[in-house]
Amino acid sequence: SNSNSNKITTTTTVNVLMIGTGEYTTGFVGGGRADSDKGAGVVALTMFDLRRRGKVGRVGMCGVNGKKFPGIRRHLQQNIGTVYKDM
């Protein structure tokens with residue numbers, strides 16, 4: 001028996017759809033940064049780090065109607081993109 005037969009290797013990344021656009025996902029609340037320890041979001045920050053490491057491909061998000069997306073994009077750029085290297 002080959003001892004490596006139980007190893008799973010893959011070069012394919014998974015795409016991620018984040019459901020929700022609130023504080024825990026993006027850190028964006030009421031038009032700006034959440035006034036908590038989740039100001040950069042938890043889920044988005046983790047997904048962008050995994051994407052930087054090559055584990056995740058595309059990252060999408062699903063909200064009620066998309067009206068907050070321009071503000072969320074600016075918020076994520078300011079609080080993640082300019083703060084963390086290569087994210």
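Q: Which residues does I72 touch, not counting residues up to four places away in sequence?
A: A contact means heavy atoms within 4.5 Å, and with residues up to four places away in sequence left out, I72 touches T21, T26, F28 and M61. This is a predicted model, in which local features need pLDDT of at least 70 and side-chain atom pairs count only at pLDDT 80 or more, while totals for chains, interfaces and linings use all residues. Residues are numbered from 1 along each chain as its sequence is written, and side-chain values use heavy atoms, with hydrogens and water left out.

Q: Which residues make up the largest nonpolar core?
A: In soluble globular proteins, nonpolar side chains tend to be buried together. A nonpolar core is a set of buried (under 20% relative accessible area, 1.4 Å probe, protein chains only) Ala, Val, Leu, Ile, Met, Phe, Trp, Tyr and Cys residues joined through side-chain atoms within 4.5 Å. Here the largest one has eleven residues, among them F28, F48, F69 and I72. Two or more residues come from each of α2 (43-52) and α3 (69-81), and α3 gives the most, with four.

Q: In what order do the elements of the protein chain run?
A: Helices (H or I, at least four residues) and strands (E, at least two) are DSSP runs numbered from the N terminus, and here their order is β-α-β-β-α-β-α.

Notes: Buried < 20%, exposed > 50% of the residue type's maximum accessible area, 1.4 Å probe, protein only.
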